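Please consult the sequence and the model alongside the notes below.

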Amino acid sequence: MKAQLLLMSTPDGPFTILAQDGVVLASGWTADPSELTGQIHPGLRPGEVEAVTDLGPISRAVEAFYAGDPGPAMNVPVRQKSGPFRAHAWDMLRTVQPGFPVTYTEYADLSGNPKAVRAAASACAFNAAALFVPCHRVIRTDGTLGGFRWGVAIKESLLAREAG
């Protein structure tokens, strides 16, 4: 299966997207595609990758996000594979409203198991589709940012941008 690779320039640095048939497999703030391919479940990992200059609605959603409209990114199809809790937790992340981050505890509750705070944090850590599955919208209970695969400075920038 062939996938498309797009490198976009954003105010937060290079943003790379790996997609297949209009569906995001992985994305993140890197210029190095190898940082993305390892995040993709082996059963979804493409055999071939071709560089492209546009991904249509996916590209436009990133541009809209950085123009102040985070909504379109939540409508971009994403394909990730994991167990039932993590898959559901990723879906629930897409319901967290921009500008209103949730704590890991609230995220666990939103994901259907209030006691599964570590599992919810793990869902964030293993999310391959950054921005489109907005794990940056989850913060620590004390209000600090916590970690982010692409760096706390980028997480802070994304949250500030969404806060308006």
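The notes that follow are grouped by topic. The structure is a predicted model. It holds four aromatic pairs, and T16 is found in strand β2, which spans residues 13-20.

**Surroundings of T16**
- T16 counts as buried because its relative accessibility is 2%, below the 20% cut-off for that class.
- The side chain of T16 reaches the backbone oxygen of T30 at 2.4 Å.
- Leaving aside residues up to four places away in sequence, T16 touches L5, L6, L7, A26, S27, G28, T30, A31 and L36.

**The pair F15 and F132**
- Among the four aromatic pairs is that of F15 and F132, whose ring centres lie 6.2 Å apart; the pair is tilted because the planes meet at 50°.

- F65 and Y66 form an edge-to-face aromatic pair, with 5.2 Å from centre to centre and 80° between the planes.
- F65 and Y66 are both buried.

**Aromatic cluster**
- One aromatic cluster is formed by F15, W29, F132 and F148.
- The tilted pair of F15 and F132 thus has both of its members in this cluster.

Note on methods
Residues numbered from 1 in each chain as written. Predicted model: local features only at pLDDT ≥ 70, side-chain atom pairs only at ≥ 80, totals over all residues. Heavy atoms only, no water. Helix = DSSP H or I, 4+ residues; strand = E, 2+ residues; numbered from the N terminus. Buried < 20%, exposed > 50% of the residue type's maximum accessible area, 1.4 Å probe, protein only. Polar contact = N/O pair within 3.5 Å; in protein donor to acceptor, adjacent residues only side chain to side chain. Contact = heavy atoms within 4.5 Å. Phe/Tyr/Trp six-rings, centres within 6.5 Å; stacked < 30°, edge-to-face > 60°.
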